[in-house]
Amino acid sequence: MSPAILVLLALGLGLAGWIAARSRAYALSAKEGKRLHSLPSYHAWYVGLWAFVPAVIVALIWSAVSPQLVLAAMLSDPAAASLPAFGMTRNSILGEALGVASGSMQAVFDQRAAALVEPARAAMTKYTIIGVVLTLVVGFIGGAWSFLKLRPDFTARTRVERMVMALLLIASLVAIFTTFGILASLIFETARFFGMINPIDFLFGTHWSPDPMRDPAFANGEDYGALPLFWGTIYIGAIIAMLVAIPLGMGSAIYLTQYASPTLRKWMKPILEILAGVPTVVYGYFAALTVAPFIRDVAQGIGISSASSESALAAGLVMGVMIIPFVSSMADDSIAAVPAAMRDGSLAMGATQSETIRRVLVPAALPGIVAGVMLAVSRAIGETMIVVMAAGASANLSANPLESMTTVTYQIVAMLTGEGSFDHPATLSAFALGMVLFAVTLALNFIALRVVKRYREAYE
Amino acid sequence: MSQAADLAFEEQRRIRGERANARIAKRYAAERRFKLLAMLSVVVSAGVLVVLLIAMTSSGLAGFTRSEIDVTIDFPEMGLSIDPAALEGENAENALRTAGLPDILQFAATQQYGPEIAAEVGGSASRDLAKKIVSDPDMLGETVTVSLPVSEDLAAAARGEGPEELRAVADRLQAEGQLGRKIDWGFLARADATDPQEVGIWGALKGSLLTMAVTLVLAFPIGVLAAVYLEEYAPKNKWTDIIEVSINNLAAVPSIIFGLLGLAVFLWIFPNLRSAPIIGGMTLALMTMPVIVISGRNAIKSVPPSIRDGALAIGASPVQVVFHHVLPLALPGILTGTIIGMARALGETAPLLMIGMRAFVASPPDGFTSPSSVLPVQIFLWSDEIDRGFVERTSAAIIVLLLFLLVMNGLAIYLRNKFERRW
Amino acid sequence: ACGSPQTAGRDQIKAVGSSTVYPFAKAAAEEFSRTYPSYGSPIIESTGTGGGFKLFCGGVGVQYPDIANASRRIKPGELETCNANGVTEVVELQVGKDGIAIAESKEGQNFQLTPKQVYEALAAEPYGKPQTAKNWSDIDPSFPNEPILVYGPPPTSGTRDALAELILTAGCESDPATAAIKDEDKDRFEQICTEVRSDGAYVEQGENDNLIVQKLATNPKAIGVFGYSFLEENSDKLRGLSLGGFEPTYENIASGDYPGARPLYIYIKKQHLDAVPGLKEYISTWVENWGKDGLFTSKGMIASTPEVAARNADVASNMTVLTAADLQTSEPES
Amino acid sequence: MEPNTAEAETAGDAPSPKISARDVSVYYGEKKAIDNVSIDVFTRYVTAFIGPSGCGKSTFLRTLNRMNDTISSARVDGEILLDGEDIYRSKMDVVQLRARVGMVFQKPNPFPKSIYENIAYGPRIHGISSTKSELDGIVEQSLQRAGLWNEVKDRLNDSGTALSGGQQQRLCIARAIAVDPEVILMDEPCSALDPIATARIEELIDELRGRYAIVIVTHSMQQAARVSQRTAFFHMGNLVEYGKTSDIFTNPREERTKDYITGRYG
Amino acid sequence: MEPNTAEAETAGDAPSPKISARDVSVYYGEKKAIDNVSIDVFTRYVTAFIGPSGCGKSTFLRTLNRMNDTISSARVDGEILLDGEDIYRSKMDVVQLRARVGMVFQKPNPFPKSIYENIAYGPRIHGISSTKSELDGIVEQSLQRAGLWNEVKDRLNDSGTALSGGQQQRLCIARAIAVDPEVILMDEPCSALDPIATARIEELIDELRGRYAIVIVTHSMQQAARVSQRTAFFHMGNLVEYGKTSDIFTNPREERTKDYITGRYG
Ligand SMILES: Nc1ncnc2c1ncn2[C@@H]1O[C@H](COP(=O)(O)OP(=O)(O)OP(=O)(O)O)[C@@H](O)[C@H]1O
Ligand SMILES: Nc1ncnc2c1ncn2[C@@H]1O[C@H](COP(=O)(O)OP(=O)(O)OP(=O)(O)O)[C@@H](O)[C@H]1O
Ligand SMILES: [Mg+2]
Ligand SMILES: [Mg+2]
Ligand SMILES: O=P([O-])([O-])[O-]
């Protein structure tokens, strides 16, 4: 409640400063009869920001500090003496009292809170008033100080623009913070995991059956061999899915860029893009309910009785379909980036269109296409829901696509949603798996972007 | 040039021409094959989409209906004693319950159908009835026939599943027109429940909307501002490179990793906001931001430099150039990218599983901090339910989600086509 | 976890734990929020029993759940963890029973199994010797000559615990030589008796029991292990396999004849009782509905015997705290 | 064609130069694109820069209003004085400099806004007009000076990009005029236009030079001969020759100039 | 420079034209880019198309081997006869037509393959050679005719794009020659080259015309004068004047030709 009020107050101050400075600037230009260095609106923004930003900072700080002060005031009230010592119950009672005092709750559940409502209300009023006054004073000082600087030759524009630049810079730093956040959230837990399990066992072991119920002290590197997961991930995401996505994606891209009429292209391209827009949970459902049973029936129909209804094939096929638009749009871009002169050169030699495509356009676009495929692979191996719903949980080192297989992402979900406690190697393995996934996708992506860039430059 | 050389040249040309002629039919056949293959891949790709949509729609449409049974209640006869004033307040439904509405309903149903079938007029039926009464209190003075949901068992029997006896009963009731599938508008208004007859999508949808709101509010401004900075102002140095590389990489990081980030960082800072849309929104915002930055940069890049030159040359400052000229022109492109990024976030499941948005929440969330689920996670949860009534409900929820996504994607495509221009 | 000091309490109950209890907990939550609309509706997360105890025993405070749902009894070690983290007052309620059902498709091979045979088919090292059985006929010549394929729960799940404890260990102990190891080397004994083979004959199914049901329905050669309620729900497609001569029926499980029956519990953090509004009422919702005609039986739970129910109702009203001694001495009768 | 003022100069009464470049060198990274060029540009003259492609004409032109600031690799040595003040001194306000030294580009680049807004933009950001009617006046006056008023006065709200190429280029000139510049730089302003539009712009340049110093880069010697009074011939970054246009074309002092003019290269 | 054959023609013994365009008009959608042009092109002559930018030279050139088929909006009226056969008749095989009428583009466009593969590409797709050694022979012969053999014979496996601009253009010419065309069309083949490379290509064109009919589009009148025996002057889609190069440049019949040649526009 009160933070909103204080922020609104700061906004009001800013607006007042804005208006005052603007009219001041107009008055200045009228009086001096010459052009101001900066437009009146820049003067307005300058003062407005100087009034608003300090005020809002104070307001936010106060909003963080004042609840503690209110709490202290409540605890010093005699009625608080009877509060239970146990922290959580006490906090809950205090919270109820505060809730009623601020009006967000109708009545207390716990009668012990009733006596505290009045002291809470009094303290809140007091500290709200102090907060309002503080905000007003700071905002006013900021506004007045900047207001006094207004002159016809005052470089308000330059200064406001400097503030804008600072804002832009901060926005772009968020990406770095995020990257750090990801690294931080993975590294510590991964390090703890490797403190319990030998990385060699983890990376090269062939047996995966962590048991979160076992005493962590007995956790055994033999049960943490992640190779079957890596294999499942690669088999589903990089092999089966790509066997679907590359031919279909390339074929679509070639047809739509080289053969289709502009109208057909205009309609088909977005339709194919929808394939990438369908949520993965829907694909997962589709894979588990429609594709997987179909595959199993077909497999049993041709006499493969061991066909599992959760199969790498089902997950991979559906994932491949999901990836088609990635491949096709990268192929599309890469083929389009081949200069028209190449195509003309080939056609002018008397090549047919397919000869031109196969022998000139595709080879020339190959680096871009390869990069696109790498991006698609990185997308596929990071895909979660399809494998969670359709690939199964068994860590199988097998080349039989009809068998159930598990992937890195599946195990991350399984380990973290089955648990939640951060001290067992089984749970921590999720972070180590995440780290591997992160590293691999980053490497793929990095190389792919390099390739694309280098090869784009080659034609420019 | 000698005559002989000329003759030799002509001869050579003739021979080669003949060889070429001999091959021409084969080459054209190869051309046709190739074209056919390419066309086939388009057809197959689009075909899979069509199959998927048909599969979902055909099994999902039934999810918008449910089995209801007609029960005739003679209220004056029953003598439900309730203060009309109690029918006004928030607690009206509860008041009706305490006043004995469930018993009255059971009694009426038993009278009409016998005790076995009356037992299948589920607990939810009395709540539905209470709702109907609250919206139309005059009912209490009349004899009315109301259509009320039956238990999942009877509903399953009506679908032809479950024990034989019940199926026979259901068939009889259906033949007599007393049991039937009715459009269940409540599906769009209720939240999660344990009984597939009782579930609704609104709780999860509201959770999704709240989550998306947080995502948009965070990712859009940050993304656009970062895009402007990188494309227009960033000096070429190591820092800029680092920023660029991290943005490009973030766009490729698997979504589940963002879930790990949310779990390890956001839930560590705000442990009591587990399952809350604000945490979900923050997590998805980090995921969406790079998409917006990249599409924003492309949109900004496609604004021709001549426009910038023109503005600079009459004395516009770099900031004015961007905010007066570049951004307005790039806006459609930025919006397209934003919509696509938001659509992706809306369909995202895995990262939200990591931060507890998979809990059972029986009432729609009140705000950004109250626990909730989201549409795709709800689909995931329902797909796990044992009651087979959930199968069609799941597909129905998928239809709702797909509709949202199709609309968003359509909007993005429309924007792109409308504003696509070549300078 | 860190964070700023929490002044506000929580206005929603949080329960975590068993996926077997999850549907009943959801039903209880639903009923609770209808009866007491002024409280927020409880948040139930299905994390598996073990995972649930880990979260539950993390400590006291808003960020920790108030209730752990469990498909087995809390282990002394877990209770110790709880105590060590300050969760000193845990109340145990047995809310009902569930059978672990072993079942197959109606078109299946119709086995008559004993716990011993199940153990021999599923153990990683039956009686400490390498697993050699590939086909059912390797276990018992009267069984069909078909490969062993069992879908079952993963190690995170309580169903798996119950399988290990109630069926596998029982089967394992029937061999005197193995039973003898118990006293010599408890660790080795546990390994021999509970470790499940991982050569593909036993397929782990995640927490999603529903998928097993579907898989069995379409693969008559396979059998599956899951909670009884799932079997009941799908009785038109699946047939329960008798174990030691008893079919998995409501009556057999209620009476305790079927060896796979297990009690279901909820564990309440008493320290939260005053702090979380509605927690008391939520517990009474459980108590009111766990009878034979209550809400839960319609969802597939098997009601406890009236005596057990009465005793637990008592515990609920007095909020009697569970002690380590209770766990050792009085196994509550099934 | 040679105006009176120009005659005056040759008669010895030299006016002070509007822009005076002293030993200017321009680098793109390591590469030197302009080598030690000194040149004076006068008001009421049209000064043409000619030379083969890549010789640095555009580069030098853009140093005159610091448009090369936008190219991060570009660096300028030497000094360029506008009315005696060095425009490369650190306190120079580039924004105001560019208002004083306007520029017209090779390809007409109107903003994708209405014709009115195209012209009004400059006065707005510089705060030149305080009232709407004053702004209307500026727009009309600028369009009139650019010879476009009659063609567009009834459709000021149409988009500037909807005009023909020649009209767009005149719009850009009007836009430059609207902020009252002292110098107008034009980089091959007619090379994207058809002959008729070109003729129209050349006429306009001739009218405008009464008020402004005009510098025009052109690849067409014919055009230089037609519109300019002074011609500077650049070759490979060097200013080879600078003088009266008539002298350059009829009587070049340098061999390279002569070769170029007689079509030996280019 | 005028070859004997050409003299022969003027002496009355007119050979039959290799290509003969009759009333050709070309449209891009609604827009007419070529208006009713009739022209004859002969073997052993270099025919130059000149005219201001946008007059339709390239458009017309591309009608001669149906390269404009690749532009969906382009439409051709009238007939174009190659050895008396209309190339726009429906049964015409475009693939074979283009093998007979080769083309060299403004910017050298070697395929991003080895030099050898660049040349071998045409013979391969057409199946002209049956053995590897025959193919080697074709490659060597073509490179020799294009005057590139000595420069590249030791690095046939290097990428074609690694050559200098002038070499690339000769590679493109060699590539065109490799399929034994009867006509070679060149669209401003030197405009991306430096003067030395240009001179080299001009020499080559002069050597080649002994065996082929060559049509060259150029924006440089000097070049047209240097390399061609026949010149066609286009203006705004019309063929204004066509005749002996020497006549066109020294004694144009049309006023527009004269204006253009003397630099009144362009
Ligand atoms: N942004 C740039 N970065 C690096 N080099 C540049 C840049 N712009 C121009 N150059 C180089 O500087 C030299 C001079 O270029 P400039 O554009 O000034 O020539 P110009 O005389 O205007 O030619 P044109 O008649 O083709 O416009 C050229 O060699 C060119 O390649
Ligand atoms: N693909 C096209 N679509 C529409 N119009 C075109 C297309 N290509 C050329 N034109 C138009 O046709 C006319 C003739 O163009 P063309 O390219 O033949 O001229 P050109 O004489 O070769 O000019 P340049 O010397 O600039 O190459 C021009 O007005 C041009 O704008
Ligand atoms: Mg230039
Ligand atoms: Mg051309
Ligand atoms: O979730 P569980 O009941 O299997 O522990």
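Biologist: A polar contact is a pair of N or O atoms within 3.5 Å; within protein, one must be able to donate a hydrogen and the other to accept it, and residues adjacent in sequence count only if both atoms are side-chain atoms. With that settled, how many residue pairs are in polar contact between chain C and chain B?

Modeller: This is a predicted model. Between chain C and chain B, five residue pairs are in polar contact, with both residues at pLDDT 80 or more.

Biologist: Which elements of chain C each supply at least two residues of the side that touches chain B?

Modeller: There are α1 (22-35), β2 (43-46) and α9 (228-233) of chain C, each giving at least two residues to the side that touches chain B. The largest share, nine residues, comes from α1(C).

Biologist: And how do the residues on that side of chain C divide into nonpolar, polar and charged?

Modeller: The side of chain C that touches chain B has twelve nonpolar, ten polar and ten charged residues.

Biologist: How many residues does the contact take from each of the two chains?

Modeller: Chain C contributes 32 residues to the contact, and chain B contributes 31. Together the two chains bury about 2900 Å², and 45% of that area is on carbon and sulfur atoms. On the side of chain C, Lys26(C), Arg34(C) and Glu45(C) supply 20% of the area buried against chain B, more than any other three residues.

Biologist: Which side chains meet in a salt bridge there?

Modeller: Lys26(C) and Glu385(B) do, with an N to O distance of 2.4 Å. The rule finds one salt bridge across the interface of chain C and chain B.

Biologist: Turning to the whole assembly, which chains have the most contacts between them?

Modeller: Eight pairs of chains touch, and chains A and B have the most contacts among them. In that pair, 75 residues of chain B are in contact with 80 residues of chain A.

Biologist: What area do chain B and chain A bury between them?

Modeller: About 6400 Å² is buried between chain B and chain A, with 78% of it on carbon and sulfur atoms.

Biologist: How many salt bridges are counted between chain B and chain A?

Modeller: The count is two salt bridges. In one of them, the side chains of Glu273(A) and Arg416(B) meet at 3.1 Å, N to O. The rule also finds 13 residue pairs in polar contact across the interface of chain B and chain A, both residues being at pLDDT 80 or more.

Biologist: Which helix gives the largest share of the side of chain B that touches chain A?

Modeller: Helix α1 (residues 3-60) of chain B does, with 19 residues. The residues on that side of chain B comprise 55 nonpolar, 14 polar and six charged.

Biologist: Staying with chain B, which residues does UniProt list as "domain: ABC transmembrane type-1"?

Modeller: UniProt, in an unreviewed entry, lists residues 205-412 of chain B under that name. In the model, residues 205-412 of chain B are 77% helix and 1% strand, and the end C-alpha atoms are 21 Å apart.

Biologist: Is helix α16 (residues 375-383) of chain B mostly covered or mostly exposed?

Modeller: Helix α16 of chain B is mostly covered, as nine of its nine residues are buried. Among them are Leu375(B), Gln378(B), Phe380(B) and Trp382(B).

Biologist: What does UniProt place on chain A as "transmembrane region"?

Modeller: The unreviewed UniProt entry places that feature at several spans of chain A, including residues 43-65 and 127-148. Residues 43-65 of chain A are 100% helix and 0% strand in the model, with end C-alpha atoms 33 Å apart. Residues 127-148 of chain A are likewise 100% helix and 0% strand, and their end C-alpha atoms lie 31 Å apart.

Biologist: How far apart are the nearest C-alpha atoms of chain C and chain D?

Modeller: They are 46 Å apart, and the two chains do not touch. Chain C and chain E also have no contact, with their closest C-alpha atoms 51 Å apart.

Biologist: One last topic: what phi does Met319(C) have?

Modeller: Met319(C) has a positive phi of about 55 degrees, although it is not a glycine. Met319(C) is in the loop between α12 (306-318) and α13 (324-329) of chain C.

Biologist: Is Met319(C) buried or exposed?

Modeller: Met319(C) counts as buried, at 8% relative accessibility, since buried means under 20% relative accessible area.

Biologist: Where is Asp180(E) placed?

Modeller: Asp180(E) is in the loop between α7 (165-177) and β7 (183-187) of chain E. Asp180(E) has a positive phi of about 55 degrees and is not a glycine. Asp180(E) is buried, with a relative accessible area of 6%.

Notes: Residues are numbered from 1 along each chain as its sequence is written. Chains are lettered from A and ligands numbered from 1 in the order in which they are written. This is a predicted model: local features need pLDDT of at least 70, side-chain atom pairs count only at pLDDT 80 or more; totals for chains, interfaces and linings use all residues. Side-chain values use heavy atoms; hydrogens and water are left out. Contact means heavy atoms within 4.5 Å. Buried area is the accessible area (1.4 Å probe) that two parts lose on being put together, summed over both. A salt bridge is a side-chain nitrogen of Lys or Arg within 4 Å of a carboxyl oxygen of Asp or Glu. Helices (H or I, at least four residues) and strands (E, at least two) are DSSP runs, numbered from the N terminus. Ala, Val, Leu, Ile, Met, Phe, Trp, Tyr, Cys and Pro count as nonpolar, Asp, Glu, Lys and Arg as charged, and the others, Gly among them, as polar. UniProt positions are given in the numbering used here, feature names are shortened, and annotations may be inferred rather than shown by experiment. Buried means under 20% relative accessible area, exposed over 50%, partly exposed in between (1.4 Å probe, protein chains only).
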